[in-house]
Amino acid sequence: MAKRISILGSTGSIGCQTLDVIKDYPEEFQVLALTGRKNVSLLAQQVKTFQPELAVLTDPEAARQLSRLLHGQTTRVLAGEEGLLAAATYPGTDLLVTAVVGFAGLKPTLAAIDAGIDIALANKETLVTAGSIVMQRARERKVDIIPIDSEHSAIFQCLQGNEPGDLQRIMLTASGGPFRNYSKEELAGVSPEQALKHPNWSMGAKITVDSATMMNKGLEVLEAHWLFPLPLTSIEVLVHPQSVVHSLIEFKDGSILAQLGPPDMRFPILYSLTYPKRWSNNLPKLDLVGRELAFTAPDLERFPCLAYAYEAGEKGGTMPTVVNAANEMAVAAFLQKKIGFLDIPRVIRQVMDLHQVRKNPDLDAIFSADTWARQETQGIIRTISGIS
Ligand code: NAD
Ligand code: MG
(Lines give C-alpha, C1' and ligand atoms only; values in the text may rest on other atoms or scores of the structure.)
(Ligands and ions follow the chains in the order given, each with its own letter.)
Protein backbone atom coordinates (compact mmCIF):
# COMPACT_ATOMS: atom_id res chain seq x y z
CA MET A 1 0.00 0.00 0.00
CA ALA A 2 1.22 3.50 -0.82
CA LYS A 3 2.60 5.59 2.06
CA ARG A 4 0.20 8.47 2.71
CA ILE A 5 1.95 11.83 3.03
CA SER A 6 0.70 15.30 3.96
CA ILE A 7 2.82 18.44 3.69
CA LEU A 8 2.47 21.65 5.70
CA GLY A 9 4.06 24.43 3.65
CA SER A 10 3.98 22.61 0.29
CA THR A 11 4.39 25.91 -1.61
CA GLY A 12 7.75 26.68 0.02
CA SER A 13 11.27 25.56 -0.80
CA ILE A 14 11.20 22.32 1.23
CA GLY A 15 7.55 21.66 0.32
CA CYS A 16 8.22 21.93 -3.43
CA GLN A 17 11.34 19.77 -3.16
CA THR A 18 9.35 17.15 -1.22
CA LEU A 19 6.77 17.00 -4.02
CA ASP A 20 9.61 16.84 -6.54
CA VAL A 21 10.91 13.72 -4.75
CA ILE A 22 7.41 12.21 -4.41
CA LYS A 23 6.55 12.60 -8.11
CA ASP A 24 9.22 10.02 -9.04
CA TYR A 25 7.45 7.31 -7.01
CA PRO A 26 3.75 7.48 -8.04
CA GLU A 27 3.07 3.93 -6.84
CA GLU A 28 4.78 4.30 -3.47
CA PHE A 29 3.37 7.63 -2.24
CA GLN A 30 -0.09 9.14 -2.03
CA VAL A 31 -0.51 12.82 -1.13
CA LEU A 32 -3.41 13.48 1.26
CA ALA A 33 -3.18 17.15 2.29
CA LEU A 34 -1.19 20.18 1.10
CA THR A 35 -0.99 23.66 2.62
CA GLY A 36 0.39 27.08 1.78
CA ARG A 37 -0.15 30.65 2.93
CA LYS A 38 -1.39 32.62 -0.08
CA ASN A 39 0.19 31.28 -3.28
CA VAL A 40 -3.03 30.34 -5.09
CA SER A 41 -1.59 29.45 -8.49
CA LEU A 42 1.19 27.22 -7.14
CA LEU A 43 -1.12 25.30 -4.79
CA ALA A 44 -3.70 24.92 -7.61
CA GLN A 45 -0.96 23.45 -9.81
CA GLN A 46 0.14 21.06 -7.02
CA VAL A 47 -3.48 19.98 -6.52
CA LYS A 48 -3.78 19.25 -10.25
CA THR A 49 -0.63 17.11 -10.24
CA PHE A 50 -1.00 15.29 -6.91
CA GLN A 51 -4.79 15.20 -6.40
CA PRO A 52 -4.77 15.55 -2.59
CA GLU A 53 -8.00 15.15 -0.62
CA LEU A 54 -7.45 18.49 1.16
CA ALA A 55 -5.81 21.79 0.13
CA VAL A 56 -5.39 24.66 2.59
CA LEU A 57 -4.37 28.30 2.24
CA THR A 58 -4.15 30.03 5.59
CA ASP A 59 -4.93 33.42 4.00
CA PRO A 60 -8.79 33.46 3.79
CA GLU A 61 -9.04 35.51 0.58
CA ALA A 62 -6.48 33.29 -1.13
CA ALA A 63 -8.41 30.21 0.04
CA ARG A 64 -11.61 31.64 -1.49
CA GLN A 65 -9.80 32.12 -4.81
CA LEU A 66 -8.45 28.57 -4.69
CA SER A 67 -11.92 27.27 -3.93
CA ARG A 68 -13.29 29.02 -7.02
CA LEU A 69 -10.43 27.69 -9.18
CA LEU A 70 -10.98 24.11 -7.99
CA HIS A 71 -14.76 24.25 -8.28
CA GLY A 72 -16.18 20.86 -9.25
CA GLN A 73 -13.03 18.95 -8.25
CA THR A 74 -12.87 16.41 -5.43
CA THR A 75 -10.18 18.24 -3.41
CA ARG A 76 -11.69 20.05 -0.42
CA VAL A 77 -10.42 23.57 0.33
CA LEU A 78 -10.06 25.01 3.82
CA ALA A 79 -8.68 28.29 5.19
CA GLY A 80 -6.93 29.72 8.25
CA GLU A 81 -5.30 28.05 11.22
CA GLU A 82 -8.29 25.72 11.38
CA GLY A 83 -7.41 24.46 7.91
CA LEU A 84 -3.74 24.07 8.85
CA LEU A 85 -4.69 21.96 11.88
CA ALA A 86 -7.08 19.87 9.76
CA ALA A 87 -4.25 19.17 7.30
CA ALA A 88 -1.82 18.36 10.15
CA THR A 89 -4.19 15.76 11.60
CA TYR A 90 -5.75 14.52 8.35
CA PRO A 91 -7.12 11.01 8.99
CA GLY A 92 -5.06 8.23 7.45
CA THR A 93 -1.80 10.22 7.22
CA ASP A 94 1.25 7.99 7.71
CA LEU A 95 3.81 10.82 7.68
CA LEU A 96 3.47 14.60 7.99
CA VAL A 97 6.20 16.78 6.46
CA THR A 98 6.35 19.99 8.54
CA ALA A 99 7.79 22.56 6.14
CA VAL A 100 6.15 25.82 7.24
CA VAL A 101 8.62 28.44 8.38
CA GLY A 102 8.80 29.83 11.91
CA PHE A 103 6.82 29.59 15.14
CA ALA A 104 3.64 29.00 13.09
CA GLY A 105 4.76 25.37 12.79
CA LEU A 106 4.49 24.61 16.50
CA LYS A 107 0.72 24.18 16.97
CA PRO A 108 0.07 21.99 13.92
CA THR A 109 3.12 19.82 14.71
CA LEU A 110 1.87 19.22 18.25
CA ALA A 111 -1.62 18.47 16.92
CA ALA A 112 -0.19 15.86 14.55
CA ILE A 113 1.84 14.26 17.35
CA ASP A 114 -1.29 14.12 19.54
CA ALA A 115 -3.05 12.38 16.63
CA GLY A 116 -0.23 9.79 16.57
CA ILE A 117 1.15 10.84 13.16
CA ASP A 118 4.89 10.43 12.47
CA ILE A 119 6.69 13.67 11.63
CA ALA A 120 9.34 14.43 9.01
CA LEU A 121 10.55 17.66 10.56
CA ALA A 122 11.95 20.57 8.55
CA ASN A 123 10.45 23.31 10.76
CA LYS A 124 13.34 23.61 13.22
CA GLU A 125 11.71 26.57 15.04
CA THR A 126 9.25 24.06 16.56
CA LEU A 127 12.04 22.30 18.45
CA VAL A 128 13.90 25.52 19.24
CA THR A 129 10.87 27.07 20.95
CA ALA A 130 9.23 24.05 22.55
CA GLY A 131 11.69 21.16 22.24
CA SER A 132 11.04 19.65 25.63
CA ILE A 133 7.24 19.58 25.20
CA VAL A 134 7.38 18.34 21.61
CA MET A 135 9.87 15.53 22.32
CA GLN A 136 8.06 14.41 25.46
CA ARG A 137 4.70 14.23 23.66
CA ALA A 138 6.34 12.34 20.79
CA ARG A 139 7.75 9.80 23.25
CA GLU A 140 4.38 9.42 24.99
CA ARG A 141 2.54 8.92 21.69
CA LYS A 142 5.37 6.74 20.26
CA VAL A 143 5.63 9.10 17.30
CA ASP A 144 8.84 9.20 15.24
CA ILE A 145 10.41 12.62 14.64
CA ILE A 146 12.60 12.18 11.57
CA PRO A 147 14.80 15.19 10.83
CA ILE A 148 14.88 16.73 7.35
CA ASP A 149 17.43 19.43 8.17
CA SER A 150 20.53 18.15 6.36
CA GLU A 151 22.83 18.29 9.42
CA HIS A 152 20.35 16.47 11.65
CA SER A 153 19.55 13.96 8.94
CA ALA A 154 23.31 13.31 8.71
CA ILE A 155 23.55 12.68 12.46
CA PHE A 156 20.38 10.58 12.44
CA GLN A 157 21.79 8.47 9.59
CA CYS A 158 25.19 8.05 11.30
CA LEU A 159 23.44 6.87 14.47
CA GLN A 160 21.62 4.01 12.72
CA GLY A 161 22.97 0.71 14.04
CA ASN A 162 24.77 2.44 16.92
CA GLU A 163 23.88 2.98 20.56
CA PRO A 164 22.73 6.60 21.10
CA GLY A 165 24.31 6.29 24.57
CA ASP A 166 27.75 5.82 22.97
CA LEU A 167 27.54 9.25 21.32
CA GLN A 168 30.05 11.69 22.80
CA ARG A 169 30.25 14.70 20.49
CA ILE A 170 28.36 16.22 17.58
CA MET A 171 30.10 18.38 14.99
CA LEU A 172 27.48 20.34 13.05
CA THR A 173 28.86 21.66 9.80
CA ALA A 174 28.04 25.18 8.59
CA SER A 175 28.74 26.72 5.19
CA GLY A 176 29.47 30.04 6.90
CA GLY A 177 27.06 31.74 4.48
CA PRO A 178 27.79 34.35 1.81
CA PHE A 179 29.63 36.70 4.23
CA ARG A 180 32.00 34.16 5.77
CA ASN A 181 35.06 36.27 4.94
CA TYR A 182 33.51 39.74 5.42
CA SER A 183 34.93 42.16 7.99
CA LYS A 184 32.59 43.78 10.54
CA GLU A 185 32.66 46.98 8.46
CA GLU A 186 31.67 45.09 5.32
CA LEU A 187 28.91 43.26 7.20
CA ALA A 188 27.39 46.58 8.28
CA GLY A 189 26.62 47.51 4.68
CA VAL A 190 25.18 44.28 3.26
CA SER A 191 21.77 44.45 1.59
CA PRO A 192 18.90 41.91 1.63
CA GLU A 193 19.68 41.17 -2.04
CA GLN A 194 23.26 40.16 -1.10
CA ALA A 195 22.08 38.16 1.92
CA LEU A 196 19.59 36.24 -0.23
CA LYS A 197 22.38 34.88 -2.46
CA HIS A 198 23.54 31.74 -0.65
CA PRO A 199 26.68 30.19 -2.16
CA ASN A 200 25.60 26.50 -1.87
CA TRP A 201 21.93 26.06 -1.00
CA SER A 202 18.69 27.34 -2.52
CA MET A 203 16.22 27.97 0.34
CA GLY A 204 13.37 30.20 1.56
CA ALA A 205 14.15 33.85 2.41
CA LYS A 206 14.11 33.57 6.22
CA ILE A 207 16.50 30.61 6.49
CA THR A 208 18.78 32.17 3.85
CA VAL A 209 19.18 35.30 5.99
CA ASP A 210 19.57 33.06 9.07
CA SER A 211 22.45 31.33 7.25
CA ALA A 212 24.08 34.70 6.52
CA THR A 213 23.93 35.74 10.22
CA MET A 214 24.73 32.14 11.34
CA MET A 215 21.59 32.21 13.50
CA ASN A 216 20.55 29.22 11.39
CA LYS A 217 23.44 27.25 12.90
CA GLY A 218 22.49 28.48 16.36
CA LEU A 219 18.91 27.27 15.87
CA GLU A 220 20.35 23.97 14.62
CA VAL A 221 22.51 23.54 17.73
CA LEU A 222 19.32 23.83 19.81
CA GLU A 223 17.46 21.52 17.41
CA ALA A 224 20.25 18.92 17.75
CA HIS A 225 20.16 19.21 21.53
CA TRP A 226 16.48 18.11 21.51
CA LEU A 227 16.83 15.42 18.85
CA PHE A 228 19.96 13.74 20.21
CA PRO A 229 20.93 12.98 23.82
CA LEU A 230 23.84 15.38 24.32
CA PRO A 231 24.40 18.55 26.37
CA LEU A 232 25.04 21.81 24.48
CA THR A 233 28.71 21.70 25.49
CA SER A 234 29.10 18.53 23.40
CA ILE A 235 27.54 20.07 20.29
CA GLU A 236 30.15 21.96 18.26
CA VAL A 237 30.01 23.91 15.02
CA LEU A 238 32.56 23.49 12.23
CA VAL A 239 32.65 25.91 9.33
CA HIS A 240 32.88 23.82 6.16
CA PRO A 241 32.37 26.07 3.12
CA GLN A 242 31.90 23.23 0.61
CA SER A 243 28.70 21.87 2.27
CA VAL A 244 29.61 18.29 1.31
CA VAL A 245 30.08 16.80 4.81
CA HIS A 246 26.64 17.36 6.32
CA SER A 247 27.75 16.71 9.92
CA LEU A 248 29.92 14.35 12.00
CA ILE A 249 29.48 12.44 15.22
CA GLU A 250 32.09 11.09 17.60
CA PHE A 251 31.51 7.99 19.74
CA LYS A 252 33.04 7.36 23.15
CA ASP A 253 35.83 5.26 21.58
CA GLY A 254 36.94 8.36 19.63
CA SER A 255 35.71 7.04 16.29
CA ILE A 256 34.03 9.62 14.04
CA LEU A 257 31.31 8.97 11.47
CA ALA A 258 30.20 11.52 8.88
CA GLN A 259 27.51 11.64 6.20
CA LEU A 260 28.38 13.17 2.82
CA GLY A 261 26.41 14.16 -0.24
CA PRO A 262 25.81 17.00 -2.67
CA PRO A 263 24.21 20.11 -1.14
CA ASP A 264 20.73 19.07 -2.30
CA MET A 265 17.87 18.90 0.22
CA ARG A 266 16.14 16.21 -1.84
CA PHE A 267 18.55 13.64 -0.33
CA PRO A 268 17.57 14.18 3.34
CA ILE A 269 13.93 14.67 2.28
CA LEU A 270 13.92 11.31 0.48
CA TYR A 271 15.53 9.59 3.47
CA SER A 272 12.87 11.03 5.80
CA LEU A 273 10.18 9.58 3.52
CA THR A 274 11.75 6.13 3.14
CA TYR A 275 13.35 5.69 6.61
CA PRO A 276 14.50 3.15 7.71
CA LYS A 277 14.91 2.00 4.11
CA ARG A 278 16.99 3.58 1.35
CA TRP A 279 15.63 3.93 -2.16
CA SER A 280 17.46 4.36 -5.47
CA ASN A 281 16.88 7.70 -7.13
CA ASN A 282 17.88 9.84 -10.10
CA LEU A 283 19.43 12.68 -8.11
CA PRO A 284 22.90 13.83 -9.26
CA LYS A 285 25.51 12.01 -7.16
CA LEU A 286 28.65 13.31 -5.49
CA ASP A 287 32.04 13.10 -7.20
CA LEU A 288 34.84 13.58 -4.68
CA VAL A 289 37.77 13.41 -7.09
CA GLY A 290 39.74 16.64 -6.91
CA ARG A 291 37.52 18.09 -4.16
CA GLU A 292 39.16 19.74 -1.19
CA LEU A 293 37.21 19.81 2.05
CA ALA A 294 38.09 22.42 4.68
CA PHE A 295 37.02 22.84 8.32
CA THR A 296 37.53 25.85 10.60
CA ALA A 297 36.12 27.18 13.87
CA PRO A 298 33.29 29.74 13.63
CA ASP A 299 34.02 33.41 14.43
CA LEU A 300 31.59 34.33 17.21
CA GLU A 301 32.82 37.93 17.19
CA ARG A 302 31.61 38.61 13.66
CA PHE A 303 28.64 36.24 13.94
CA PRO A 304 27.30 36.79 17.47
CA CYS A 305 23.91 35.19 16.69
CA LEU A 306 25.53 31.78 17.07
CA ALA A 307 26.80 32.69 20.54
CA TYR A 308 23.35 34.07 21.49
CA ALA A 309 21.71 30.78 20.55
CA TYR A 310 24.15 28.82 22.76
CA GLU A 311 23.52 31.30 25.57
CA ALA A 312 19.75 30.93 25.14
CA GLY A 313 20.10 27.16 25.28
CA GLU A 314 22.19 27.33 28.46
CA LYS A 315 19.70 29.72 30.12
CA GLY A 316 16.90 27.43 28.97
CA GLY A 317 13.23 27.89 29.89
CA THR A 318 11.58 30.58 27.76
CA MET A 319 14.85 32.12 26.49
CA PRO A 320 15.13 30.08 23.25
CA THR A 321 11.50 31.01 22.42
CA VAL A 322 12.36 34.68 22.93
CA VAL A 323 15.49 34.51 20.78
CA ASN A 324 13.56 32.74 18.04
CA ALA A 325 10.74 35.33 18.06
CA ALA A 326 13.15 38.29 18.12
CA ASN A 327 15.08 36.73 15.25
CA GLU A 328 11.93 36.16 13.14
CA MET A 329 10.91 39.78 13.59
CA ALA A 330 14.42 41.18 13.03
CA VAL A 331 14.94 39.15 9.85
CA ALA A 332 11.56 40.32 8.48
CA ALA A 333 12.51 43.95 9.27
CA PHE A 334 15.90 43.51 7.56
CA LEU A 335 14.22 42.06 4.45
CA GLN A 336 11.88 45.10 4.42
CA LYS A 337 14.98 47.34 4.69
CA LYS A 338 13.81 48.81 8.00
CA ILE A 339 17.03 47.79 9.78
CA GLY A 340 20.57 46.90 8.75
CA PHE A 341 22.24 43.49 8.75
CA LEU A 342 24.15 44.06 12.01
CA ASP A 343 20.97 45.33 13.66
CA ILE A 344 19.68 41.73 13.59
CA PRO A 345 22.05 40.54 16.38
CA ARG A 346 21.74 43.94 18.12
CA VAL A 347 17.96 43.67 18.35
CA ILE A 348 18.12 40.05 19.56
CA ARG A 349 20.68 40.97 22.25
CA GLN A 350 18.46 43.79 23.55
CA VAL A 351 15.38 41.57 23.77
CA MET A 352 17.39 38.83 25.52
CA ASP A 353 18.64 41.37 28.07
CA LEU A 354 15.07 42.46 28.81
CA HIS A 355 13.72 38.94 29.29
CA GLN A 356 13.17 37.29 32.65
CA VAL A 357 13.47 33.58 32.00
CA ARG A 358 10.66 31.31 33.08
CA LYS A 359 11.93 27.82 33.84
CA ASN A 360 10.11 24.65 32.75
CA PRO A 361 7.48 26.59 30.77
CA ASP A 362 4.24 24.91 29.76
CA LEU A 363 2.76 25.60 26.34
CA ASP A 364 0.86 28.69 27.55
CA ALA A 365 4.09 30.18 28.96
CA ILE A 366 5.83 29.53 25.63
CA PHE A 367 3.08 31.29 23.68
CA SER A 368 3.15 34.23 26.14
CA ALA A 369 6.95 34.49 25.85
CA ASP A 370 6.67 34.49 22.05
CA THR A 371 4.02 37.25 22.11
CA TRP A 372 6.00 39.29 24.65
CA ALA A 373 9.21 39.00 22.61
CA ARG A 374 7.45 40.04 19.38
CA GLN A 375 6.06 43.18 21.06
CA GLU A 376 9.43 44.13 22.56
CA THR A 377 11.22 43.48 19.27
CA GLN A 378 8.70 45.57 17.36
CA GLY A 379 9.36 48.50 19.69
CA ILE A 380 13.14 48.21 19.34
CA ILE A 381 12.88 47.96 15.54
CA ARG A 382 10.69 51.09 15.47
CA THR A 383 13.30 53.00 17.48
CA ILE A 384 16.14 51.90 15.19
CA SER A 385 14.28 52.61 11.97
CA GLY A 386 13.08 55.97 13.25
CA ILE A 387 9.37 55.09 12.88
CA SER A 388 7.37 55.79 15.99
P1 NAD B 1 9.76 28.91 2.64
O2 NAD B 1 9.60 30.31 3.08
O3 NAD B 1 10.29 28.64 1.26
O4 NAD B 1 8.36 28.14 2.75
C5 NAD B 1 7.55 28.24 3.87
C6 NAD B 1 6.20 27.56 3.64
O7 NAD B 1 5.39 27.82 4.80
C8 NAD B 1 5.41 28.11 2.46
O9 NAD B 1 4.60 27.10 1.94
C10 NAD B 1 4.54 29.21 3.10
O11 NAD B 1 3.37 29.45 2.37
C12 NAD B 1 4.23 28.57 4.44
N13 NAD B 1 4.02 29.55 5.52
C14 NAD B 1 4.78 30.64 5.81
N15 NAD B 1 4.31 31.27 6.88
C16 NAD B 1 3.21 30.59 7.29
C17 NAD B 1 2.27 30.75 8.35
N18 NAD B 1 2.37 31.78 9.20
N19 NAD B 1 1.28 29.86 8.48
C20 NAD B 1 1.18 28.82 7.62
N21 NAD B 1 2.03 28.60 6.60
C22 NAD B 1 3.03 29.47 6.43
O23 NAD B 1 10.66 28.18 3.73
P24 NAD B 1 11.63 26.91 3.55
O25 NAD B 1 12.98 27.36 3.14
O26 NAD B 1 10.96 25.84 2.76
O27 NAD B 1 11.77 26.45 5.08
C28 NAD B 1 10.74 25.77 5.76
C29 NAD B 1 11.29 25.25 7.07
O30 NAD B 1 12.28 24.28 6.80
C31 NAD B 1 11.97 26.33 7.94
O32 NAD B 1 11.71 26.07 9.29
C33 NAD B 1 13.44 26.13 7.63
O34 NAD B 1 14.27 26.53 8.71
C35 NAD B 1 13.52 24.63 7.42
N36 NAD B 1 14.61 24.20 6.57
C37 NAD B 1 14.68 24.62 5.27
C38 NAD B 1 15.72 24.21 4.44
C39 NAD B 1 15.79 24.64 3.00
O40 NAD B 1 16.69 24.19 2.29
N41 NAD B 1 14.89 25.45 2.50
C42 NAD B 1 16.72 23.38 4.97
C43 NAD B 1 16.62 22.96 6.28
C44 NAD B 1 15.56 23.37 7.08
MG1 MG C 1 20.52 22.82 8.00
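Two strands count as paired if DSSP finds at least two bridges between them, and the helices (H or I, at least four residues) and strands (E, at least two) are DSSP runs numbered from the N terminus. This is a predicted model, in which local features need pLDDT of at least 70 and side-chain atom pairs count only at pLDDT 80 or more, while totals for chains, interfaces and linings use all residues. Residues are numbered from 1 along each chain as its sequence is written, chains are lettered from A and ligands numbered from 1 in the order in which they are written, and side-chain values use heavy atoms, with hydrogens and water left out.

- Strand E8 (residues 167–174) and E9 run parallel and are joined by five bridges, and Leu172 stands opposite Val237 in E9.

**The parallel sheet**

- Strands of a sheet pair through backbone hydrogen bonds, either parallel or antiparallel.
- Seven strands form an open sheet with parallel pairing, in the order E4-E3-E2-E1-E5-E6-E7.
- Strand E4 (76–79) and strand E7 (145–147) stand at the edges of the seven-stranded sheet with a single partner strand each, so one side of each has no neighbour in the sheet.
- In this sheet, too, neighbouring strands are turned by 20° against each other on average, direction ignored.
- Strand E1 (residues 3–8) and strand E5 (residues 95–98) run parallel and are joined by four bridges, with Val97 in E5 as the bridge partner of Ile7.

- Helix H3 (residues 60–69) lies across strand E3 (54–57) and E4, and runs at about 170° to E4.
- Leu66 lies in helix H3 and is buried, with a relative accessible area of 0%; buried means under 20% relative accessible area, exposed over 50%, and partly exposed in between (1.4 Å probe, protein chains only).
- Not counting residues up to four places away in sequence, Leu66 touches Val40, Leu43, Ala44, Ala55, Leu57 and Val77, contact being defined as heavy atoms within 4.5 Å.
- Leu66 and Val56 are 10 residues apart in sequence, and their C-alpha atoms are 8.8 Å apart in space.
- Helix H12 (residues 266–274) is largely enclosed by the rest of the structure, because seven of its nine residues are buried; these are Pro268, Ile269, Leu270, Tyr271, Ser272, Leu273 and Thr274.

**Surroundings of ligand 1**

- Ligand 1 is surrounded by 22 residues, of which the closest are Thr11, Ser13, Ile14, Glu125 and Gly204; a residue is near a molecule or strand if one of its heavy atoms lies within 4 Å of it.
- Helix H1 (13–22) and helix H6 (124–140) each supply at least two residues of the shell around ligand 1.
- A polar side-chain atom of Thr11 lies 2.7 Å from an oxygen atom of ligand 1, and a polar backbone atom of Ile14 is 2.9 Å from an oxygen atom of the ligand.
- A polar side-chain atom of Glu125 likewise lies 2.7 Å from an oxygen atom of ligand 1.
- Taken alone, ligand 1 exposes 830 Å², and the protein buries 86% of that; accessible areas come from the Shrake-Rupley method with a 1.4 Å probe, and for residues only the protein chains shown count as cover.

- Asn39 lies in the loop between strand E2 (29–36) and helix H2 (40–50), and is partly exposed, with a relative accessible area of 32%.
- Asn39 touches Thr11 and Leu57, not counting residues up to four places away in sequence.
- The side chains of Asn39 and Ser41 are joined by a polar contact of 3.5 Å; such a contact is a pair of N or O atoms within 3.5 Å, and within protein one must be able to donate a hydrogen and the other to accept it, while residues adjacent in sequence count only if both atoms are side-chain atoms.
- Glu328 lies in helix H14 (residues 319–335) and is buried, with a relative accessible area of 16%.
- The side chain of Glu328 makes a polar contact of 3.0 Å with the side chain of Arg374.
- Leaving aside neighbours within four places in sequence, Glu328 is in contact with Gly102, Phe103, Glu125, Lys206 and Arg374.

Notes
Axes are lines fitted to C-alpha atoms, for helices over the stretch in contact, and angles run from 0 to 180 degrees between N-to-C directions.
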